Amino acid sequence: SYPAHPDLDALTALDRDHLIHPVAPWRKHEQRGVTMLESGQGAWLRDAAGHELLDAFAGLWCVNVGYGRESVVRAAAEQMRKLPYATGYFHFGSEPAIRLAAKLVEISPPSLTRVYLTLGGSEAIDAAIRLITQYYNNTGRPAKKHFIALERGYHGSSSMGAGLTALPVFHRGFDMPLPNQHTIPSPYAYRGEHRDDQALIDASVSALRAKVEALGPERVAAFFCEPIQGSGGVIVPPKGWLKAMREAARSLDILFVVDEVITGFGRTGPMFACDAEDVDPDLMTLAKGLTAGYAPMGALLMSEQVYAGIADGAPAGAPIGHGATYSAHPVSAAIALEVLRLYEDGSEADGGGLLAHGRRVAPHFAAALDGLRDHPLVGDVRHRGLLGAIELVSDKATKRGFDASLGLSDRLFDSGYRNGLVFRSFGDHILGFAPALCFTADEFTLFERRLRKTLDEVL
Ligand code: PLP
């Protein structure tokens, strides 16, 4: 450990009195106090209290290239010096934003040809909903206004996207979901009816068909899904599920929107989860790994058909009224271009790019999690690539969870912190992991040791 920040107490008091920490229970946070992070290098964080922490969650599943990447800092500084801001509104533009759009089209599924650069994932989802509405209005099918997503899905917290997010805390007190937002069951093998892969896929396809039939196909606009549900507890569907849902959406004449905010940029192995199954969505949302957390940015990619429907259906010469001051921000775009370079063709030390490195070390991650299957608290282990979770139970046979009064997630967080490990908990019983793609085999050994110790301490 290191010396604590000299102003830690004063800063903790200022944080308590002024800074809102969204999603944390606000009053509870005031009592608990902030864990102020100070610096990072590779997979490691240092906090202001003097602790060194192995970050097994890459910030908020976003710092895929690890902390302290000098080449990213240089790209940002150079762009800021040259031109810190160029509006993407109207007809201005900047070189990094143009190059980034072209690069995203090059590396994403072939169906996607047009790119709207946003401030993050929530805004990309919100733009998708608004622009799909515009698409159907402009192409003469104004009744197609109902949206379907998965239970346990997370699609951000914008005022429309939070309705497609099907996690109760994002609805409670917000009058959500909206009347035109609907869900079908999540492909959750551990707690669902179907454990067999094909049965699970068939059940999801049938549920989508049944929901579209019930609403009337002429009224349904789109189906949104994450290829692996992240904040819902890292629900990993069987291989073939994404493709089957894509085909179902096509046959039902609804748009297929894949939310790769977490799964994009090597998180599950390939550049995008869609690549593993040759899925060609109508729209795709991206964020997080796009800039690896070095600056805010997201993206909405769309097919030529959707783009043309919007562009050609609007009254000639009329603006399309959706955009923001920071759309296509040149500094974020310059950062994203450098981050994409690190994924694909990093230095020798990175072994030919971080995507390749991530794929090489993923078996160590899988082994670390699988090694915990015998732990008395572990009911289920799920992973693909560098995305994973363990689901804790008080009784493996009945899969019973834990009484909320035990405060298990707080105890796990505190114990993890004492053991120098950062992860995330979902509810009281699912621990999620999304290590940076630069993790080493030795760091995974340490990860397993610290995680086991953390579980032992709360037994
Ligand atoms: N979609 C998914 C799948 C996410 O996991 C998230 C954020 O965690 C979002 C959308 C929203 O992205 P942002 O937090 O950048 O607004």
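This is a predicted model: local features need pLDDT of at least 70, side-chain atom pairs count only at pLDDT 80 or more; totals for chains, interfaces and linings use all residues.

Biologist: Then start with the whole chain. What are the domains here, and where are their bounds?

Modeller: Domain 1 covers 35–56 + 351–458, and domain 2 covers 72–344. Their C-alpha centres lie 27 Å apart. Where they touch, domain 1 gives 22 residues and domain 2 gives 17 residues.

Biologist: Which elements make up the side of domain 1 that touches domain 2?

Modeller: At least two residues each come from α12 (354–370), β11 (378–384), β12 (387–392) and β15 (430–433). The largest share, 5 residues, is from α12. By class, this side of domain 1 has 10 nonpolar, 6 polar and 6 charged residues.

Biologist: Now the helices. Why are α8 and α9 called roughly parallel?

Modeller: Helix α8 (residues 197–215) and helix α9 (residues 241–251) pack at an angle of about 25°. Angles under 35 degrees count as roughly parallel. The angle of α8 and α9 falls under that cut-off, and therefore they are roughly parallel to each other. Their axes are 10 Å apart, and α8 passes α9 in a right-handed crossing.

Biologist: Which residues of α8 and α9 meet?

Modeller: On α8 they are I201, S204, V205, L208 and R209, and on α9 they are W241, A244, M245 and A248. This contact of α8 with α9 has 7 nonpolar, 1 polar and 1 charged residues.

Biologist: What makes α4 and α11 roughly antiparallel?

Modeller: Helix α4 (residues 70–82) and helix α11 (residues 330–345) cross at roughly 150°. The cut-off for roughly antiparallel is over 145 degrees. The angle of α4 and α11 is over that cut-off, and therefore the two helices are roughly antiparallel to each other. Their axes come within 8 Å, and the crossing of α4 and α11 is right-handed.

Biologist: Which residues of α4 and α11 are in this contact?

Modeller: From α4 there are S71, V72, A75, A76, Q79 and M80, and these meet P330, V331, A334, I335, L337, E338 and V339 in α11. By class, the contact of α4 with α11 has 10 nonpolar, 2 polar and 1 charged residues.

Biologist: What about α6 and α10, at what angle do they cross?

Modeller: The axes of α6 and helix α10 (residues 304–313) cross at roughly 65° and come within 8 Å. Here α6 passes α10 in a left-handed crossing. L131, Q134, Y135 and N138 in α6 meet V306, G309, I310 and G313 in α10. These residues divide into 4 nonpolar, 4 polar and no charged.

Biologist: And the ligand: how many residues surround it, and which are the closest?

Modeller: There are 15 residues around the ligand, and the closest are G120, G121, S122, G156 and V261. Helix α6 (residues 121–138) gives the largest share of this shell, 3 residues. The shell divides into 5 nonpolar, 8 polar and 2 charged residues.

Biologist: How do you know which form the peptide bond from M176 to P177 takes, cis or trans?

Modeller: Look at omega, which is near -5°; the bond is cis. P177 lies in the loop between α7 (161–164) and β6 (181–184).

Methods:
Residues are numbered from 1 along each chain as its sequence is written. A residue is near a molecule or strand if its C-beta atom, placed from the backbone, lies within 6 Å of it. Helices (H or I, at least four residues) and strands (E, at least two) are DSSP runs, numbered from the N terminus. Ala, Val, Leu, Ile, Met, Phe, Trp, Tyr, Cys and Pro count as nonpolar, Asp, Glu, Lys and Arg as charged, and the others, Gly among them, as polar. Axes are lines fitted to C-alpha atoms, for helices over the stretch in contact, and angles run from 0 to 180 degrees between N-to-C directions. Angles under 35 degrees count as roughly parallel, over 145 as roughly antiparallel, 65 to 115 as roughly perpendicular and the rest as oblique. A crossing is left-handed if the near helix is turned anticlockwise from the far one by less than a right angle, and right-handed if clockwise. Two residues are in contact if their C-beta atoms, placed from the backbone, lie within 7 Å. Domain bounds come from an automatic or database domain assignment.
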